[in-house]
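These are notes for a colleague opening this model for the first time. Please read them beside the structure.

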Amino acid sequence: MEDIHIPVDVNKSYSDMTVEEKLRYDHQKMHELHKGHESMHSTMILIFLFTLIIAQIVFVQWKKCHYKSYALFTMVTMWSMPLIMSLKNSWFRFVVVWLLFTFLTAVVIRKSSQKPMSPTTPRLVYKWFYLIYKASVAVGLFGYISLILTLIGVNALFGHKPNQWMDISLLTLFYGLYFGVLGRDVAEYCSERMASSVGYYTAEGIPTRQLDQNVCAVCGNRLLVNINEEGVLENTYKLPCGHVFHEFCIRGWCIVGKKETCPYCKEKVDLKTMFANPWDRPHILYAQMLDWIRWLVAWQPLVLFLVQGINWLFGLE
C-alpha cells in the first residue's frame, strides 16, 4: 500500500484520482486545515476527558439512586440513537431490520402490559426475548470469527479483498451486540411488568399476593413436576431461599431479564452457582459483556454531543 503522506498531483481533478490518491488527498487536506491549531486541540482533548469523567460519575450515581429512570432512559436512548444515525447516513438496511424488530417487540410489550394478563404471556415473552438473545449470540459470534479470519488473511484464499470481509464482520458483530443489548433491556422492563401483574413481585419488595405451594412466582402457574423429578418439557428449579419455579421461567428471569434476586423474597442469587452446567456459563458471560456495549451505543454519543456543545460555547472548532 502506498504511503499516505506522499503528495498528490494538484493538477489532477479529484474525480480523476484513484482511490489511493483520494485517500492521500483527503489526509493532506485535513492536516492543512488543522495546521497551527495544536493549542486548541489540546484544550479540546482536556474538555473531552473532563466531560467523560464527570459524565461517568453522574451516570453511576444516577443508576445507584434512581435505577428505574436510569434504565428507562437508557432503553429509550439505545432504541433511538442508532436509528437517528442511520437515517442521517442513509443506512436503510439497518432501518428495515430496526423497524421489524421494533414492530414484533412492541407486540410482545403490549401483551406483557395487558391486565388481566393471560397465563401463557410470561412464557411467550421469555421465549421471544430468549430467541432474540440466542440469535444475537449467533450473529455476534459469526461476526467475531469472521473478523479473526480476516486479520489472519483467510480472505486471500477465496480471492476476496480484506475490506469486504471486514465490513461484513463489523456489521454482523454490531447487529449481534446491539440487538442483544436492546433485547435484554426490553426484557428487563417486561419482566417487572409481568411479575407485578401476577402479584408475587413488586419493586418495593412487598408482594401483594401470598405465594401458594407448587406455584411459580414468575408466571403464577402451577408447577408440573416435583423438584427431584425429571420433567417432559422442563424441570422445577429451587432457589437457595427455598422458593421453587419453572426452570424456563427462572432462566428467563435471571439470564434474559437481568435479575439476580428471587422474584418473591428478593434474596440475592449467585448465577454461577445457580447454573452450574458449563453450557450455561457462556450465556452468563455474554450477558455481562452486553452490558459493557451499552455505554458505547447509548451513552458515548450523548457525551460526544455534550462535548461538541461545550466546544461551540468556547468557540473551538
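1. Rings of Phe, Tyr and Trp (its six-membered ring) count as a pair if their centres lie within 6.5 Å; planes under 30 degrees apart are stacked, over 60 edge-to-face, and the rest tilted. The structure holds 13 aromatic pairs. One of them, F94 with F174, is tilted, at 5.9 Å centre to centre and 50° between the planes. F94 belongs to helix α4 and F174 to helix α6 (residues 162-198), so this pair ties together parts 80 residues apart in sequence. Helices are DSSP runs (H or I, at least four residues), numbered from the N terminus.

2. The model is predicted: local features need pLDDT of at least 70 and side-chain atom pairs pLDDT 80 or more, while totals for chains, interfaces and linings use all residues. Residues are numbered from 1 along each chain as its sequence is written, and side-chain values use heavy atoms, without hydrogens and water.

3. Helix α4 (residues 92-113) packs with helix α5 (residues 121-151) at about 155°, the axes being 9 Å apart. Axes are lines fitted to C-alpha atoms over the stretch in contact, and angles run from 0 to 180 degrees between N-to-C directions. The two helices are therefore roughly antiparallel (over 145 degrees).

4. In α4, F101, L104, T105, V108, K111 and S112 meet T121, L124, V125, W128, F129 and I132 of α5 (heavy atoms within 4.5 Å).

5. An unreviewed UniProt entry annotates "transmembrane region" at spans including 40-60 and 91-109; such annotations may be inferred rather than shown by experiment. Residues 40-60 are 100% helix, with end C-alpha atoms 30 Å apart. Residues 91-109 are 95% helix, with end C-alpha atoms 26 Å apart.

Terms used
Angles under 35 degrees count as roughly parallel, over 145 as roughly antiparallel, 65 to 115 as roughly perpendicular and the rest as oblique.
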